[in-house]
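Let us read a structure together, one feature at a time.

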Amino acid sequence: MAVMTWEKLEERIASGRGSGHRDEYRPWLWIHRKNASAQGNQVVDRMPGYRRSSHFLARVESHVALLCLFLGASDVREQFPLWPMPHPHPLSNLRGGYRGQPPSMRGLVSIAMDAGIKHGVEVGSGGVPYVATLDLAITLVEEGKARLAGISLKPHDAITTAEPTDRISERLELESLYLNEANAYHRIVDCSLLGDYTGGNLETFSSAWYLPPHLRSPALIEDFCERFIEVALVSTISSGISHAASRLGPLSLDDANLLWRHGVWTRRIGIDITKPLEPGRELRLDGWSIAERLACELFGEAS
């Protein structure tokens with residue numbers, strides 16, 4: 001493994017690593033074949049609505065990122081650097097979403113020093129500070145105003161059994177202190193947030209965020225969802241899809257299935273994504289309240 005130097009650190013920063021928003025963002029940590037996980041649990045893929053590839057060190061990270069987008073996040077930035085040196089606020093240079101210029105940040109080294117926690121340096125670097133990363137930095141835009149939330153994904157057992165001076169506890173404390181200075185909500189979660197079904201459901205429905213041109217009409221999407229819900233509530237999900245397909249177009253079943261999944265992903269059809277998907281049962285529109293609870297849990301209350 002190449003030793004980090006000041007020159008390499010400056011080159012990475014100058015190249016845009018760890019900065020930008022939406023498609024312009026470049027994560028600080030990238031997944032390459034040479035640093036791939038032995039467990040094959042890493043994910044490099046495009047998230048719905050993005051042109052860039054996202055780099056997740058674990059599949060649970062990609063699932064929580066999908067959940068954030070499903071719940072209305074305007075941007076999800078993975079492997080987000082908590083710069084050791086003074087730097088602009090994470091929401092700086094956000095186009096069309098921040099009222100006024102956010103304050104600058106003083107850097108994690110200074111924050112760690114005040115907290116009495118050792119910041120750490122790159123191994124073998126002779127003193128180059130380690131660049132800590134937050135698993136997910138979430139941008140939320142509500143009523144024209146942007147705010148930040150940070151998510152740390154750590155195994156529950158590792159947290160509950162750690163002593164206050166263990167490195168995992170210190171890292172989480174530093175992340176919390178950093179986000180507090182950034183006026184951001186901080187949430188520590190593990191895979192229990194997703195349960196047994198949420199991740200797979202999110203993969204299923206998010207794959208339908210993109211519609212081919214002949215299905216993009218807002219009127220068609222709304223008509224499909226209305227006709228689907230009307231029948232599925234008193235019959236089955238499968239019957240609702242078939243009914244809507246026969247009344248509109250008629251549509252092929254492939255197109256109808258795509259519109260049904262798109263309707264769920266865009267939350268026009270409010271199913272509970274934490275439960276198993278059962279096409280042979282009637283539709284239950286109990287998902288909006290579940291989504292509201294999850295959004296509050298992950299993002300905190302809107303300011």
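**Reading a helix and its neighbours**

Q: Which residues of α8 are buried?

A: This is a predicted model. An α-helix has 3.6 residues a turn, so residues three or four places apart point the same way. In α8, the buried residues are Ile237, Gly240, Ile241, His243, Ala244 and Ala245.

Q: What covers the buried residues of α8?

A: The cover includes α7 (218-232) and α9.

Q: How do I describe the packing of two helices, and at what angle do the axes of α8 and α9 cross?

A: Two packed helices are described by the angle between their axes and the distance between the axes. Here α8 spans residues 237-247 and α9 spans residues 253-265. Their axes come within 9 Å and cross at roughly 120 degrees. That makes α8 oblique to α9. The crossing of the two helices is right-handed.

Q: Which residues of α8 and α9 meet?

A: From α8 come Ile237, Ile241, Ser242 and Ala245. They meet Leu253, Ala256, Asn257 and Trp260 of α9. By class, the residues of this contact are six nonpolar and two polar, with no charged residue.

Q: What joins Gly249 and Pro250?

A: A cis peptide bond, with omega about 0 degrees. Gly249 follows α8 and has a positive phi, near 120 degrees. Pro250 sits in the loop between α8 and α9.

**Aromatic pairs**

Q: How do I read a pair of rings, and how many aromatic pairs does the structure hold?

A: A pair of aromatic rings is described by the distance of the centres and the angle of the planes. The structure holds seven aromatic pairs. Take Tyr25 and Phe80: the ring centres are 6.2 Å apart and the planes lie at 25 degrees, so this pair is stacked.

Q: Where do Tyr25 and Phe80 lie?

A: Tyr25 is in the loop between α1 (6-14) and β1 (43-46), and Phe80 is in strand β3 (residues 75-82). The pair therefore ties together parts that are 55 residues apart in sequence.

Q: What kind of aromatic pair do Phe205 and Trp260 form?

A: An edge-to-face pair. The distance is 5.6 Å centre to centre, with 85 degrees between the planes. Phe205 belongs to helix α6 (residues 198-206) and Trp260 to helix α9, so the pair links distant parts of the chain, 55 residues apart. Phe205 is buried, with a relative accessible area of 2%. Trp260 is buried as well, at 5%. Ring pairs link Phe205, Phe224, Phe228 and Trp260 into a cluster.

**Backbone and whole chain**

Q: Which way does phi go in Asn93 and Arg267?

A: Asn93 has a positive phi of about 65 degrees, although it is not a glycine. Asn93 lies in the loop between β3 and α3 (108-115). Its relative accessible area is 64%, so Asn93 is exposed. Arg267 also has a positive phi, near 65 degrees, and is a residue other than glycine. Arg267 is in the loop between α9 and α10 (287-299). At 28% relative accessible area, Arg267 is partly exposed.

Q: How many helices and strands are there in the protein?

A: Ten helices and six strands. Of the 303 residues, 47% count as buried. Among contacts with a separation of 6 or more, 63% come from residues 24 or more positions apart.

Conventions: Residues are numbered from 1 along each chain as its sequence is written. This is a predicted model: local features need pLDDT of at least 70, side-chain atom pairs count only at pLDDT 80 or more; totals for chains, interfaces and linings use all residues. Side-chain values use heavy atoms; hydrogens and water are left out. Axes are lines fitted to C-alpha atoms, for helices over the stretch in contact, and angles run from 0 to 180 degrees between N-to-C directions. Helices (H or I, at least four residues) and strands (E, at least two) are DSSP runs, numbered from the N terminus. Angles under 35 degrees count as roughly parallel, over 145 as roughly antiparallel, 65 to 115 as roughly perpendicular and the rest as oblique. A crossing is left-handed if the near helix is turned anticlockwise from the far one by less than a right angle, and right-handed if clockwise. Contact means heavy atoms within 4.5 Å. Ala, Val, Leu, Ile, Met, Phe, Trp, Tyr, Cys and Pro count as nonpolar, Asp, Glu, Lys and Arg as charged, and the others, Gly among them, as polar. Rings of Phe, Tyr and Trp (its six-membered ring) pair if their centres lie within 6.5 Å; planes under 30 degrees apart count as stacked, over 60 as edge-to-face and the rest as tilted. Buried means under 20% relative accessible area, exposed over 50%, partly exposed in between (1.4 Å probe, protein chains only).
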